[in-house]
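Keep the structure open while reading.

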Amino acid sequence: MVRTVVFDVGETLIDESRIWLGWAARLGVPPLTFLGVLGGCAALDLPHGEAFEMLRPGLDLETEIARWAREDPDGLRNGFDADDLYPDVRPALRALREAGFDVVIAGNQPPEARAALEAMDLPASAIRTSDEWGVQKPEPGFFARVAELSGVAPEEIAYVGDRLDNDVLPAADAGMRPILLRRGPWGYLHALRPEAGRATVIDSLTELPGLLATRTA
């Protein structure tokens, strides 16, 4: 029986298109080139940071982020706000709460992401980031913290994300019910892999209330 539904952030709740296009403009790279290289990283199982190294060899990403913040202190830069939410997020989370599920948000994000998500007034009982926990997905410790935060057994938790490597497989290994969202470059590519058979694959978050109610029954 699933009692708690936990959500990843990037490309699960947040549409990162504006963020990546912002980086393309920042680096002076054509948008299609930047997005194509990023998609190649997804296909080759490379971390997204490799896209920056391919396009701007030797770029110190942390230094560039700090420089961007100094130049545009009041802008979103590589952050996000409510305008970046996918349109199915609010109705899906609200429907889950109304169906009696607890809703938690926990993903690999910097500390400021928690404040950004909390400002959206989403129907979630808790929001946490990897940076404040000091452990990132796919490390087992991250999912142990998820279970601790949820206050229920791992088998009573559904973890929803867009990636096999960071979300589905480690959640399944932790004893949780993994749900792969076919969204974003990783989501579409990973849904085609044999390992996706370990998860339930969905195309919209609005499928969750009915799906989990049926599985619970």
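**The sheet and what surrounds it**

Strand β2 (residues 102-107) and strand β3 (residues 126-129) run parallel and are joined by four bridges. The model is a predicted one. Within this pair of strands, alanine 106 has arginine 128 of β3 opposite. Between the two strands comes a helix: β2, helix α6 (residues 111-118) and β3 form a β-α-β unit of right-handed sense.

Which strands make up the open sheet, and in what order? There are six, arranged as β3-β2-β1-β4-β5-β6, and their pairing is parallel. The edges are taken by β3 and β6 (200-202); each has a single partner strand, so one side of each lacks a neighbour in the sheet. On average, neighbouring strands of the sheet are turned by 25° against each other, direction ignored. In general, strands of a sheet pair through backbone hydrogen bonds, in either a parallel or an antiparallel arrangement.

Helix α5 (residues 89-98) contains proline 91. The relative accessible area of proline 91 is 37%, so this residue is partly exposed. Proline 91 and leucine 205 are 114 residues apart along the chain, and their C-alpha atoms are separated by 8.7 Å.

Side chains of opposite charge can pair when their charged atoms come close. The count of salt bridges comes to 15. One of them joins arginine 18 to aspartate 84, with 2.9 Å between the closest N and O atoms. This pair links distant parts of the chain, as arginine 18 is in helix α1 (residues 17-27) and aspartate 84 is in the loop between α4 (61-71) and α5, 66 residues apart. Are the two partners buried or exposed? Arginine 18 is partly exposed, with a relative accessible area of 30%. Aspartate 84 has 6% relative accessibility and therefore counts as buried, the cut-off being under 20%.

Helix α1 also supplies arginine 26, which lies there while glutamate 71 lies in helix α4, so their pair ties together parts 45 residues apart in sequence. The salt bridge between arginine 26 and glutamate 71 has its closest N and O atoms 2.7 Å apart. Arginine 26 is partly exposed at 24% relative accessibility, whereas glutamate 71, with a relative accessible area of 51%, is exposed. Both residues belong to a network of salt bridges that links Arg26, Glu64, Arg67 and Glu71.

Arginine 114 is partly exposed, with a relative accessible area of 24%, and glutamate 118 counts as partly exposed at 42% relative accessibility.

Methods
Residues numbered from 1 in each chain as written. Predicted model: local features only at pLDDT ≥ 70, side-chain atom pairs only at ≥ 80, totals over all residues. Heavy atoms only, no water. Buried < 20%, exposed > 50% of the residue type's maximum accessible area, 1.4 Å probe, protein only. Pairing = 2+ DSSP bridges. Right-handed = clockwise from strand over helix to strand, strands pointing away. Axes fitted to C-alpha atoms, helices over the stretch in contact; angles between N-to-C directions. Salt bridge = Lys/Arg side-chain N within 4 Å of Asp/Glu carboxyl O.
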